[in-house]
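Dear colleague,

Please find below the structure that I am handing over to you, together with its sequence. A summary of the findings follows it.

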Amino acid sequence: MTSLTAAEAYRALGSYRDRFSARHMRDLFAADPGRARRYSATLGPLHLDYSKNRIDDEGLGLLFGLARERGVESARDAMLSGEKINFTEGRAVLHTALRAPPDVSIHVDGADVVPGVHEVLDRMAVFSERLRSGEWLGATGKPISDVVNIGIGGSHLGPQMVTEALAAFARPEMRTHFVSNVDGADIGSTLDAIDPETALFVVASKSFTTQETMTNAHTARDWFLASGRSLSDVPRHFVAVSTNAEAVSGFGIDPDNMFGFWSWVGGRYSLWSAIGLPIALSIGMTGFRDLLAGARAMDEHFATAPLEENLPVILAMLGVWYINFLDAPTHAVLPYCEYLDRLPDYLQQADMESNGKLAQADGSTARHATGPVVWGSTGTNGQHAYFQLLHQGSHLVPADFIAVVNPPRRYGSHHDLLLANCLAQTEALMLGRDPETTAAAMRDAGADEDSLARLVGHRQFAGNRPSNTVVLEALTPRSLGMLIALYEHKIFVQGVTWGINSFDQWGVELGKQLAGEIYPELTSGPGEQRNPSTAALIELIRKKTIE
């Protein structure tokens, strides 16, 4: 495939940008009364309004043309059929198979993978029911009250985000905790809050060698044994999500309580697999299957809808427009829902680990921008932190606002006020306030002409700041599954457009390797090969360490 910048549609978009860039969204809406209706789409409980974007029909047509020219449709079909599109590791990419119904066949290396998926799901169902019903007892005969997931990266961010998002569906008598950081404060504060007699640890590591995860797992086991229990009690309080049966058994976990997954499941796309065991333990297997069904509905839409009506493609190509043509290297995710507090963190990994790359398929370096910096937090907190920059800063920051119409519980007027703020921010970013309107408002408030001369420039807003609004009828397992899959496929489409492999993560490997080298040097001193800055820091730490 030729480079992105050589694509015919790419060059046409550059010309379009030069002609279109001066137009304001206020004018686009004024010229097209049906814009909001035409630039919106609904799929089940999920509604997308993308009308507040700096684009018109011509520009959208060129973006969809670029997607076709870059082979998005054929790449999509290759992924969904089990081809090994992760070409740097020789793997299929089939997180979509994890939510396929049992009557579907998807083959990898000649074998149908779907029966194996459902075998694991059925084992998860049996285990979660035993635990949630109180049948599974700890070593002293007490039921489990606290589940602690020990993992990192995709074995942590996805399960934690979903579990907290769906807290309204959880059993209140069972608490779920997540430990990921190798900082001892993380595991320590969790252990301080639980009882070893009623705690169950889920150790999530495909290889069962992940440094951070296994350090925390051994600390948890040592704490458990120090409470007076023996190694023979470990199988009642530790289970594993892994593929390394030998290491799992060596740790003391019964291999019958090991839940496996496959090489074609990438870590950041793995919450749908046994990595989602803490989700199932929290909300029950019925809820977990509803989560899968929601993602499956988005998969089917992505696989069959024309690009012009395809929600993930629409979001992806709008992102390409801002990143590659309007110099907007960051993207804000702003959920106006406290339950979705972890969503921006989750999408940081999903997006930035997938598309934070410059290597093209042939190994050459891309000469165009690729994945954005993804960031954000819940509204209305962000309004009192960084929204000032969104409205009046020098950076163009496209944003996704996510709203939920019906909350799990209503507290007076809280939710209506929350939704009003969400809609107001998208409108203010789009409309802005010109100098004339600003001056008129100040005059109405009694400002004199001297004040106007001094302050109008500070109080005006340029507007024309783009946003998408995603509205969920309610935050349920099904709607959350759809939302996550929407972003998964958006990320994939952008990776294909940029000509990069979204499914490896070589960029994290060098740091891991160097950490393994530096770890013993904190005791023995820096090696001769260590660079002077790091060597000096090692020596400083050694001198300051209190034994």
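Leu43 has Leu46 of strand S2 as its bridge partner. Please note that the model is a predicted one. Strand S2, residues 46-49, is joined to S1 by four bridges, and the two strands run antiparallel.

Both strands belong to an open sheet of six strands, in the order S1-S2-S13-S12-S10-S11 and with mixed pairing. At its edges stand strand S1 (40-43) and strand S11 (373-375); each has a single partner strand, so one side of each is left without a neighbour in the sheet. On average, and with direction ignored, neighbouring strands of this sheet are turned by 15° against each other.

Helix H16 (residues 414-431) lies across strands S10 (330-336), S12 (399-406) and S13 (467-474), and runs at about 150° to S12.

I turn now to the largest pocket, which holds about 960 Å³ of space. The pocket is lined by 39 residues, of which Thr210, Gly267, Gln505, Glu509 and Lys512 are the closest to its centre. Helix H20 provides the largest share, with four residues.

How many of the lining residues of the largest pocket are nonpolar, polar and charged? The lining divides into 12 nonpolar, 19 polar and eight charged residues.

With kind regards

Conventions
Residues numbered from 1 in each chain as written. Predicted model: local features only at pLDDT ≥ 70, side-chain atom pairs only at ≥ 80, totals over all residues. Heavy atoms only, no water. Pairing = 2+ DSSP bridges. Axes fitted to C-alpha atoms, helices over the stretch in contact; angles between N-to-C directions. Contact = heavy atoms within 4.5 Å. 1 Å grid on protein atoms, 1.4 Å probe; cavity = no way out; pocket = protein on both sides within 12 Å on 5 of 7 lines; lining within 4 Å. Points joined across faces, edges and corners; volume = space filled by probe spheres on them. Nonpolar A, V, L, I, M, F, W, Y, C, P; charged D, E, K, R; others polar.
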